[in-house]
Amino acid sequence: MLVPYNYLPYEFKNVKNIFKKWKKLTKTTDFTLGKYVAEFEEKFSKYIGAKYVVSTNNGTDALILSLKSIGIKKGDEVITVSNTFYASAGAIVACGAKPILVDCDDRYQIDINEIKKKINKKTKAIMPVHWGGASPDMFSIMKLAEKYKIHVVEDACMGIGAKINGRSPGTFGIISAFSMHPLKSLNVMGDGGMVATNNKKIFNWIKKFRNHGMIDRDRIEFWGVNMRLQPLQAIVAIEGLKKIDDVIKKRNKNAKKMDGLLSSLSPNLVIPDRPKGFRETFALYMCLVKSRDRLLKYLIKNKIEAKIHYPIPLNKQRAAKNLKLNQKNFNTTNKQAKKIITLPIHQYLSKKQISYVAHKIKKFYEKN
Amino acid sequence: MKIELIDLKQRYKEESAQILTSIKKVLSKGHLVLTEELNKFENNICKYTGSKYCLGLNSGTDALMMSLWALGIGKGDEVITSPISFVATIGAIIHVGAKPVFVDIAEDLNIDASKIELKITKRTKAIMPIHWTGKMCSMDTIAKIAKKHKLKIIEDAAQGMGSYYKKKHAGTYSDIAAFSTHPLKNLNGLGDGGFITTNNKQLYEKIKLYRNHGIKSRDNVHVFGVNSRLDVLNAEVLNFRLKKLKSVILKRRRNIAIYRKLINQKFIKIPHDTKDQFSSCVIFLCLCERRDELQKYLNSKSIQSLVYYGTPLHKHYASKNRGLHKTKLPVSENLAKKVLALPHHQNLTTNQIKLVCREVNKFYKNS
């Protein structure tokens, strides 16, 4: 039985509504920002419960825009986590600032105790990542930030549809970034992203900066760049918003089933804590396993497309060489990198497929 | 009958079925980032332009920024350019940390190459000629100056697709060139897009890494990068449209030739191609006496026209903030008062052109 990781061949099978709107778009010839982009921004702001949303090219640009909007620049330090996608640190570097990486905890989220140790005069922001679609304890992070009077910029790229005590990721920090990359819970047919904030001043600046600093065609207030979401993709995202809750529900159902089937395998396979009040998007369904590389091979041989996020964590990448990190500070991340595996859990998987995955894993450990 | 400035609607109507069919095909493959469609596009551009390397990016602005960045231009450096352009030219220079230094333009609206050397200082690192409206700058002269002073050249070829200078395509006279595939260009997608071309393998490798998070292979990040990838859906549209580009440009050139024949050029000037230039004619800009009155008149006759642009870049508020407005650029300031874009696209009929010319001539005759 094939259990695919990539669900995109199913995702955009029915594009009737999207194509219909695309045709409308071409009649308005509004290919730069325009009506659909505005409609999407408004709908998304309602969905997550933030006052202002500005859409962008992609999640990375959303992060860069967020950091720039609070004045992050050369000489500044921004604290983020070591097990994340490269773009979190890339965005900090793109602003000229220095990423300060800290270790993660058993739920693969930023270790709040480690943050404290890294705060100094140069620290301008904490950038917690909602890694894998789960969330760190944002309430504690906010408290910490308030105490030291530094900003929180949320990397909620994987967090669309998640909840922390009923609140959406991306509504805690002064500004937050989201991604709509094809493999995110809310996705477009290419790259897309957005930022959310409740701060009007930041919003006004961002809106102009993303579109060349223009007030209108003939007036430039300051020199900006081009980080616009494509109207084509805005239309895809508007359609996506209609089914996002359904997607999250299905994924949670699948994850719950998988949790149930795998829980007996401890300590060969360890599922992270799923504390009450946290709803995950299951962008990545990760667990820690023994003999990971052999298990991965075995699963792939059995047509189960498991993945690893990531075998080499950020703190060990060549790009991080300049940061001169002490690997002793990344015990958890480094340990997890050897054991972590991501299993397919997306909304298109059937009960049968989930059972098959669990069954194969069980079989693997029976033999080994 | 209203005569429109551009023809995006009509163009899409003709191509809609084919575009949607090919997009559907892309979607069924299940990969939507950096796919074979994009590779194909990059190869196609190399073939068309004669450049060795091409990389598809988010936008023309990103193409400019990455070109500057890849050449190591940053804080404290100066980049020479001209003020008759879209804002992105300056935005890109500012956002890599460098300072734009303005040189005045010549009558053809491009940088006046004879004035470049006066602005070269110890800090000058590069010249960024802009091929405005698709007409290439005097690249021979600029290349000589660059060589003499050891400067880099970055072509702002946002409008340069299909443009030639001495039979060589835009992008082949420089270290690196930035192109745009924005909907208002000759080779246009259905949204933002851009690319760079270069013959320099090192610059190519650098940007290739940088545009995709610095990822060498899925699990190895070489440098910290960003995300600037040409949309795959647009790459597919561009592949399709590239096949027609030559004929599109020829039609556009033919239209301008008709304009030239029919407009009384006593009060309105149409900049010529020199014998070295082959313009892709992205915008049809004329230099008009009493421009604003003419525009009003044309408007009353349902003929669209547009001022491209009324304010030279050094006169914007954003320039004032940085003290850039003090530069004296009399030709730019003067011509910005005269420029007007008249209806111009590949679906414009000879009759429509005749009508526009008749009205333009009438306006000047009666006044």
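**Briefing: helix packing and chain contact**

In chain B, the elements that cover the buried residues of α2(B) include α1 (8-29), β1 (53-57), β7 (168-169), β9 (194-198) and α7 (232-242). Helices (H or I, at least four residues) and strands (E, at least two) are DSSP runs numbered from the N terminus, and two residues are in contact if their C-beta atoms, placed from the backbone, lie within 7 Å. The model is predicted, so local features need pLDDT of at least 70 and side-chain atom pairs count only at pLDDT 80 or more, while totals for chains, interfaces and linings use all residues. Residues are numbered from 1 along each chain as its sequence is written, and chains are lettered from A and ligands numbered from 1 in the order in which they are written.

**Helix α2 of chain B**

- Helix α2(B), residues 36-49, has 14 residues and reaches 20 Å from its first C-alpha to its last, close to the 20 Å expected at 1.5 Å a residue, where the expected span is 1.5 Å times one less than the number of residues.
- Its buried residues (20 or more other C-beta atoms within 10 Å of their own; exposed means 12 or fewer, partly exposed in between, with C-beta atoms placed from the backbone) are Glu37(B), Leu38(B), Phe41(B), Ile45(B) and Thr49(B).
- They cover an arc of only 95° around the axis, taken from the directions from the helix axis to the C-beta atoms, which puts them on the same side of α2(B).
- The face of α2(B) turned away from that buried side carries the exposed residues Glu36(B), Asn43(B) and Lys47(B), and the helix is followed by Gly50(B), whose phi is positive, near 80°.

**The loop residue Asp77(B)**

- Asp77(B) lies in the loop between α3 (60-70) and β2 (78-81) of chain B and is partly exposed, with 18 other C-beta atoms within 10 Å.
- Leaving aside residues up to four places away in sequence, Asp77(B) touches Ala98(B), Arg123(B) and Lys125(B).

**Contact between the chains**

- In the contact between the two chains, 48 residues of chain A meet 49 residues of chain B.
- On the side of chain A that touches chain B, the largest share, 6 residues, comes from α5(A).
- The residues of this side divide into 24 nonpolar, 15 polar and 9 charged, where Ala, Val, Leu, Ile, Met, Phe, Trp, Tyr, Cys and Pro count as nonpolar, Asp, Glu, Lys and Arg as charged, and the others, Gly among them, as polar.
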